[in-house]
Amino acid sequence: MATRAEPVSRARTLGRVREVTLVRHLTVALAAGVVLYLVSNALSAFDDLQLATMGYYFVAVAGLTVLTGVNGQVSLGHGAFMAVGAYATAKLLGETGQGLPLAVVLVLAALITAVAGVVAGAAAARLRGPYLAGATLALAVGLPSLADRFPKFLGATNGLTVLPSTPPASLGADFPLERWQAWITCLGGLVTYVLLANLLRSRFGRAFRAVRDDEVAAQLAGLHVARTQILAFVVSAACAGLAGGLFVVVTQLAAPGAFQLALSVALLAGVVLGGLGSLWGAVLGAFALVMIPQWSEDLSKGLSLSGNVQANLALAVYGVVLIGVMLAAPRGLAGGLQWVHQQGRRAWSRRKEEER
């Protein structure tokens, strides 16, 4: 009798753990949403646009964090998946912007990109290390060029344009478009956080980590390694597709020039800077991707540098910051902040013990 009751008790315990985990992540997302709402209302139009850019960068970096940081697959082609989501969004919205509702369009764009992720993941599951990086690199280089191959359907070099998603009339006629765009992308980022945070705490997240740590041990434990890797690729591609859709919401454009190899490299740099395997690191990585070019531009203007130096200064700053973070905090910015927090708690505990 005890043996039958044991699985039931274990199932109830797991159900309670999932419920508590979901409530915690929803609470964090709600608190972050309130903070973002207050911050966006206090920002200028340009700063709201930067906040919107951070929003869709976070979605893409968080998805790549699942693939690279949690599952251990290095991808240099996520800019191509963003392009798939962006073009899908532009085609579904249409030039008049009077197609399907925006929320439905973004979900469909993520699903379409997930299908592309199945194809790419099936091929990637057979590759390892530099061979996987090379294959995804070819995807990043070759996929945007399809716009020139099908100019009538994809708009060639000029790309596809859509009308901006106008704020609801209830917000007022003078409501800033940039703030509305920031709200949309931040909402997309919060939804992505809740879904990925719960996924990583589930058996799928444990399977991702097991395959990353030791494929042979994971296979001996009963995990299907290739299937797990494909699933990680699909989840990551869906996030990139959603990020591409949010990119179109902000820029009203899907063009091949926006999804070059530099974007894929920047996304991977954001993952490494923020911290591999950390969703909070994805927030820091998205912040760095937006602010480093801005700081570089301000620095170049302040020093009155030439145009050629200004154009390449951001890349140099990326490299310096990346090297500095790797030396000072090998686990990224999130890992560095966690280390500082732990040291602070230990110092506080020692101080309390000495006072006693």
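The following legends describe close-up views of a predicted model.

Local features are reported only where pLDDT is at least 70, and side-chain atom pairs only at pLDDT 80 or more, whereas totals for chains, interfaces and linings use all residues. Residues are numbered from 1 along each chain as its sequence is written, and side-chain values use heavy atoms, with hydrogens and water left out.

**View 1. Helix 12 and the glycine that follows it.**
Helices and strands are DSSP runs numbered from the N terminus, a helix (H or I) having at least four residues and a strand (E) at least two. Helix 12 comprises 14 residues, 261-274, and its first and last C-alpha atoms are 20 Å apart, close to the 20 Å expected at 1.5 Å a residue. The expected span is 1.5 Å times one less than the number of residues. Helix 12 is largely enclosed by the rest of the structure, because 10 of its 14 residues are buried. Buried denotes a relative accessible area under 20%, exposed one over 50%, and partly exposed the range in between (1.4 Å probe, protein chains only). Among the buried residues of helix 12 are Leu263, Leu267, Val271 and Gly274. Just after helix 12, Gly275 adopts a positive phi of about 135°.

**View 2. Helix 4 and the elements that cover it.**
Helix 4 spans residues 102-124, and its end C-alpha atoms are 32 Å apart, in agreement with the 33 Å that its 23 residues should span at 1.5 Å a residue. Its buried residues include Val105, Ala109, Thr113, Gly117 and Ala124. An α-helix has 3.6 residues a turn, so residues three or four places apart point the same way. The cover over the buried residues of helix 4 includes helix 3 (78-93), helix 5 (129-142) and helix 11; contact here means heavy atoms within 4.5 Å.

**View 3. Gln229 in helix 11.**
Gln229 is buried, with a relative accessible area of 4%. Its side chain makes a polar contact of 3.2 Å with the side chain of Glu215. A polar contact is a pair of N or O atoms within 3.5 Å; within protein, one must be able to donate a hydrogen and the other to accept it, and residues adjacent in sequence count only if both atoms are side-chain atoms. Leaving out residues up to four places away in sequence, Gln229 also touches Asn71, Gln73, Ala125, Arg128 and Val211.

**View 4. His25 in helix 1.**
His25 belongs to helix 1 (residues 2-42) and counts as buried at 6% relative accessibility. With neighbours within four places in sequence set aside, its contacts are Tyr193, Val194, Ala197, Asn198 and Arg201.

**View 5. Aromatic rings.**
The structure contains nine aromatic pairs. Tyr56 and Phe247 form one that is edge-to-face, with 5.5 Å between the centres and 85° between the planes. This pair joins distant parts of the chain, since Tyr56 lies in helix 2 (residues 45-70) and Phe247 in helix 11 (residues 225-251), 191 residues apart. Rings of Phe, Tyr and Trp (its six-membered ring) pair if their centres lie within 6.5 Å; planes under 30 degrees apart count as stacked, over 60 as edge-to-face and the rest as tilted. Tyr56 is buried at a relative accessible area of 6%, and Phe247 is buried at 11%. Elsewhere, ring pairs connect Tyr37, Phe175, Trp180 and Trp183 into a cluster.

**View 6. Charged ends over rings.**
The charged end of Lys91 sits over the ring of Phe153, 4.2 Å from the ring centre. That of Arg203 sits over the ring of Phe204 at 4.4 Å from the centre. The criterion is that NZ of Lys or CZ of Arg is within 6 Å of the ring centre and within 35 degrees of the ring normal.

**View 7. Cysteines Cys186 and Cys239.**
The structure holds zero disulfides, a disulfide being a pair of cysteine sulfur atoms within 2.5 Å. For Cys186, the nearest cysteine sulfur is that of Cys239, 16 Å away, which is too far for a bond. Cys186 is buried, with a relative accessible area of 11%, and Cys239 is buried at 7%.

**View 8. Positive phi at Ala156 and Gln252.**
Ala156 has a positive phi of about 55°, although it is not a glycine. It is located in the loop between helix 7 (151-154) and strand 1 (160-161), and at 21% relative accessibility Ala156 counts as partly exposed. Gln252, likewise a residue other than glycine, has a positive phi near 60° and is placed in the loop between helix 11 and strand 2 (253-254).
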